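Please read them alongside the sequence and the coordinates.

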Amino acid sequence: MVWNETTQRLYAIGGQSLQIYKLKDWTSATPSLELEKTVQTPYGGLHDMSLVNSNTLCIGGRRAYLYDIGANQFTEMTLFASSTAIKSINYNDDTGELWYTDSTIPEGSQAWSTQTIRYATDRNGSAATRTIKVPDLDMYKVRVMSW
């Protein structure tokens with residue numbers, strides 16, 4: 001899930017859909033979230049999402065996409081065309097940098113784990129620019145706190 005302060009919406013990804021929720025009766029005694037829209041994703045198996053900017057989400061799992069909120073459009077990041085297990089993905093639209101974990105080929109003791117943090121500078125490139133190996137540590141997600 002990702003909260004977008006600008007749009008005042010909560011975005012949730014799961015399976016093959018993106019759900020968009022808006023605040024309902026937020027200043028009342030019974031605030032809630034209301035499902036505003038469900039958007040079919042181009043591919044199933046998506047489960048990670050991060051906010052790129054107020055109009056763009058970065059979504060990963062089986063493959064990876066940028067979702068343009070205003071245009072309601074997905075753009076595939078071809079760097080991940082053969083990935084089946086993106087566990088986390090962070091994208092900087094200003095610099096083109098990506099930090100991510102991918103357990104398409106598991107490296108740890110679990111099918112979901114990796115021992116490598118990956119960095120790339122081209123979302124449509126053919127491989128990571130560099131990797132950071134962390135032996136003996138099963139990782140799932142990596143998050144960028146500040147670009």
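This is a predicted model: local features need pLDDT of at least 70, side-chain atom pairs count only at pLDDT 80 or more; totals for chains, interfaces and linings use all residues.

1. Two residues are taken to be in contact when they have heavy atoms within 4.5 Å of each other. Leaving aside its neighbours within four places in sequence, threonine 41 is in contact with Ile13, Gly15, Gln16, Ser17, Leu18, Leu46 and Phe74.

2. Residues are numbered from 1 along each chain as its sequence is written, and side-chain values use heavy atoms, with hydrogens and water left out.

3. On overall architecture, the chain has zero helices and twelve strands, where helices (H or I, at least four residues) and strands (E, at least two) are DSSP runs numbered from the N terminus. The C-alpha trace spans about 50 × 30 × 30 Å along its principal axes. The radius of gyration, taken over C-alpha atoms, is 16 Å, which agrees with the value near 15 Å that a compact globule of 147 residues would have; the globule rule is 2.2 Å times the number of residues to the power 0.38.

4. Burial and contact range can be taken together. Of the 147 residues of the chain, 41% count as buried, the classes being buried under 20% relative accessible area, exposed over 50% and partly exposed in between, with a 1.4 Å probe and protein chains only. Among contacts between residues at least 6 apart in sequence, 38% join residues at least 24 apart.

5. Returning to threonine 41, this residue has its place in the loop between E4 and E5, and at 4% relative accessibility threonine 41 counts as buried. A polar atom of its side chain lies 2.9 Å from the backbone oxygen of tyrosine 43.

6. Four strands are arranged in the order E5-E6-E7-E8, with antiparallel pairing, two strands being paired if DSSP finds at least two bridges between them. Strand E5 (48-53) and strand E8 (73-76) stand at the edges with a single partner strand each, so one side of each is left without a neighbour in the sheet. From one strand to the next the twist averages 25°, with axes fitted as lines to C-alpha atoms (for helices over the stretch in contact) and angles running from 0 to 180 degrees between N-to-C directions. Within this sheet, strand E6 (residues 56-61) and strand E7 (residues 63-68) pair in the antiparallel sense over six bridges, and threonine 56 stands opposite aspartate 68 in E7.

7. How many salt bridges does the rule give? The count comes to five, a salt bridge being a side-chain nitrogen of Lys or Arg within 4 Å of a carboxyl oxygen of Asp or Glu. In one of them, the side chains of arginine 9 and glutamate 36 meet at 2.9 Å, N to O. Arginine 9 lies in strand E2 and glutamate 36 in strand E4 (residues 32-40), so the pair ties together parts that are 27 residues apart in sequence. Glutamate 36 is partly exposed, with a relative accessible area of 38%.

8. Asp48, Lys141 and Arg143 are linked in a network of salt bridges. Aspartate 48 and lysine 141 meet through their side chains at 2.8 Å, N to O, and this pair links strand E5 with the segment after E12, 93 residues apart. Aspartate 48 also forms a salt bridge with arginine 143, the closest N and O atoms being 2.4 Å apart; here the two residues are 95 residues apart, with arginine 143 likewise in the segment after E12. Aspartate 48 counts as buried at 2% relative accessibility, whereas lysine 141 counts as partly exposed at 34% and arginine 143 is partly exposed at 39%.

How values were computed. A polar contact is a pair of N or O atoms within 3.5 Å; within protein, one must be able to donate a hydrogen and the other to accept it, and residues adjacent in sequence count only if both atoms are side-chain atoms.
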